[in-house]
Amino acid sequence: MSQQAHWKASSLATTFSSHAGFNSTAWGAARPSARINGDISCGLGFGQSSMMGNPTNAGLLSSFSGTQLTAPHYGYESADRRQKRKASSEDEGMESSSPTPEPAVRKFRTASESRRSMLDNEGSVVAGAIGGSSFGRRQHGIPSSYTAGSGRMPANGHVEGRKRTRVMDAAVPNEVSLDKLLEPLEEKGLRSLLDALILQNPDLACQVRQLVPKPTVNSACRQLARLERRLQAAFPYNKTGVVSDDYTYSRVKSALEELRDTIIMYLDHFTHYGLVSSTRTEDGRAGYLGQPSNALSHPAEWFDLLTQATDVAVRMPRWDKAENNGIRRETLRLLADGWLRATMATSRWTEEGHLVGRDMLLQWAQQLEHFDSSCGEALLFQPAIQVFHHSFGQYYGRGSGSRVPLDAIAEDTPASSDSVPVYNSVPYLTPENTTFGGQIEGAAVDKDGNFYAVNYKGSKNETGKVWSKQAPFFKDKKTVDAWFNAIRFHVNSKGVQEAYIGDVNNHRVVRVTSTSSKCNSLRAEDFCKNINILQPNDIAIAHSTGRLFLSGMNYTENSKVGDGGLWTCDSAGNVKKLGEFYRTNGIEVSPDEKTLYLSEAINKDGSIISNVIKAFDLDPKEGTISKDRTFVDFGKLDKSAATDIDGMRTDIDGNLYVARNGDSKVAKISPSGKLLAYIKTASIKGVANLEFAGAKGKDLFIVGACAENAEKGCVEIYRTDTTGNAFNKLNGAKTA
């Protein structure tokens, strides 16, 4: 037999000792085999006993090696000595009354079988194997009273009261420490490992989020730079340089989408809460101190993120096919909105007494104009540029420098006997960046200052969020002919915020509530519905009782009483008609809920001849009105009887802001009916509705069809020093 066969036999014998439960340290280390007279002596050196002379042991080991073992020890053994050893072994066996077992014939057991199974099933064989010598029994801690063949070993594999011998598995190597296993892994390997762990144990995600360092603006910008390099590396090699065909676009599309999604993610993460204010309110609302760590504390952080992200977006590749440029265009549009939001937030921040350096403002203005000229998307950044110059131009010698509060210098004088100041709002959504259709209406604010409107994506049955960013809100997928025209929010007695949406086609008001804290799941139901309700066209609400007031109209060439009407729905959804009028539209409740305002217009032979605002004494609990009177007659006030009235809203001081549909302005009227000011719009031809929104409810959002493209819905913003009534009530203000 070859030397390799000798070592194989030795290895098999070692495996046997391991799986039979023998300890290599206690019984002696394995020794190399030797050839003696053509036979193999394994020479395992099982202690100093003569147990290897036992036929059982010889049979067991020969079953592994395939050769009968003739010697218990390694090396040469003379015939004389062998004979003496045999005689001694027989005498020992007789004295211990241990029967000589038959030669064992057994199959090799795999490494997966446990030591306990081996001892339980082969107890008698093992006992016979170790029973040939009292020295062997003592070495294993087996008392002399336990003899071979007397039964099974105890279930635990050792005799009670004795120290259990530790079994070494020679087949399993020592483990490498975890830190040494992880050390060679690169970033990609570590991420894959972490992803796999989270996938198998979803609960780990929260723990990982707590342990991972929070992103900063600097780390976000570094990540964008890495993704831009990855995008460049994704381009296939071409001898003529980078090409912009469909094949190349398909190769880099995934990297391009990842870059876009990351930019959007970081914009949402860092700008969601706006700028941290230096004062804290009692209710701890968003937009004030005590915000999450991702709230920005200085405009420089916001503009730094915008500058670097926009720089990356401008460098995105342009493609031959226009549809392939959609990712780039969408990214730039969202960034342009981000610049506009940052400008508005910074303007409000400075009004609170914070300071921004002149050089810093000038630098931001120059960067904004640079992106506008280099992005290749016409007018995309123009709204942000106009607002920036309008808000900060006085500090660096550009723009009007007017912050547009009501005490600013008037820019125009209306055609009336009294001098009335006129102020300008600034564009927010334009035909280039709006997602709303030309029938935009239903201006509304929620308790967080978010601003909403109808006709999202030009759909009659869909509403959307305008600010803080454009996004879908509620779409009625069940009622295909729904036509939403009005929205109002209310916080009920349980503290749950609800949206009430008027459907002009189905004579109903839909109540929408959120079913989760993240407001990503909505539940809708018919709150009040009656076939006799005329539309409704607009909604007002008495927040103290949750009662709704609805207006509606029929537009005819010759108006008559009944072309307009007024209804109310109590908090349980019960409908009651309050009266019939000429064509009615705008409706609002005063801050003290003692007065209800309702617009009324008259047509004659197709021409508008009258536009007035009626006022009623109101009982918000019973929903009754009395003392019908004319609050404002625009024919007498400013000779604008032919200009229709649309949406109306109040501020906390009781001033009424009136949208003049068919004209590009809003009228501000005092509680006594005096015309205080006009607010002119630049991009809206017919002002449809308005509402106070923003982080503090002081930004008047004005909506209507775009002057340049009537199929698009535009939004402008006018900055005031007064909080809107609806925002105030939604945040817990009590009715006087």
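User: What makes the crossing of H12 and H14 left-handed, and which residues of H12 and H14 make the contact?

Analyst: The crossing of H12 and H14 is left-handed, a term for a near helix turned anticlockwise from the far one by less than a right angle, clockwise being right-handed. H12 contributes Tyr249, Lys253, Leu256, Glu257, Arg260, Ile263, Ile264, Leu267 and Thr271, and H14 contributes Ile327, Glu330, Thr331, Leu334, Leu335 and Arg341. Contact here means heavy atoms within 4.5 Å. By class, these are 8 nonpolar, 2 polar and 5 charged residues, where Ala, Val, Leu, Ile, Met, Phe, Trp, Tyr, Cys and Pro count as nonpolar, Asp, Glu, Lys and Arg as charged, and the others, Gly among them, as polar.

The model is predicted: local features need pLDDT of at least 70, side-chain atom pairs count only at pLDDT 80 or more, and totals for chains, interfaces and linings use all residues. Numbering runs from 1 along each chain as its sequence is written, and side-chain values use heavy atoms, with hydrogens and water left out.

User: Why is H12 called roughly parallel to H14?

Analyst: Helix H12 (residues 246–271) and helix H14 (residues 326–351) pack at about 15 degrees, with axes 10 Å apart. Angles under 35 degrees count as roughly parallel, over 145 as roughly antiparallel, 65 to 115 as roughly perpendicular and the rest as oblique, so H12 is roughly parallel to H14. The axes are lines fitted to C-alpha atoms, for helices over the stretch in contact, and angles run from 0 to 180 degrees between N-to-C directions. Helices (H or I, at least four residues) and strands (E, at least two) are DSSP runs numbered from the N terminus.

User: How are H12 and H13 oriented to each other, and why?

Analyst: The angle between H12 and H13 is about 170 degrees, with the axes 11 Å apart. H12 and H13 are therefore roughly antiparallel to each other. The contact joins Leu259, Ile263, Tyr266, Leu267, Phe270 and Thr271 of H12 to Trp302, Leu305, Leu306, Ala309 and Val312 of H13. Its residues divide into 10 nonpolar, 1 polar and no charged.

User: What makes H14 roughly parallel to H16?

Analyst: The axes of H14 and helix H16 (residues 382–396) come within 8 Å and cross at roughly 15 degrees, which makes H14 roughly parallel to H16. This crossing of H14 and H16 is left-handed. Among the residues in contact are Trp339, Leu340 and Met344 of H14 and Val387, Phe388 and Phe392 of H16. The contact of H14 with H16 has 9 nonpolar, 5 polar and no charged residues.

User: Why does Val491 count as partly exposed?

Analyst: Buried means under 20% relative accessible area, exposed over 50%, and partly exposed in between (1.4 Å probe, protein chains only). Val491 has 22% relative accessibility, so Val491 counts as partly exposed. Val491 is in strand S9 (residues 484–491). Not counting residues up to four places away in sequence, Val491 touches Lys447, Val496, Gln497 and Leu730.
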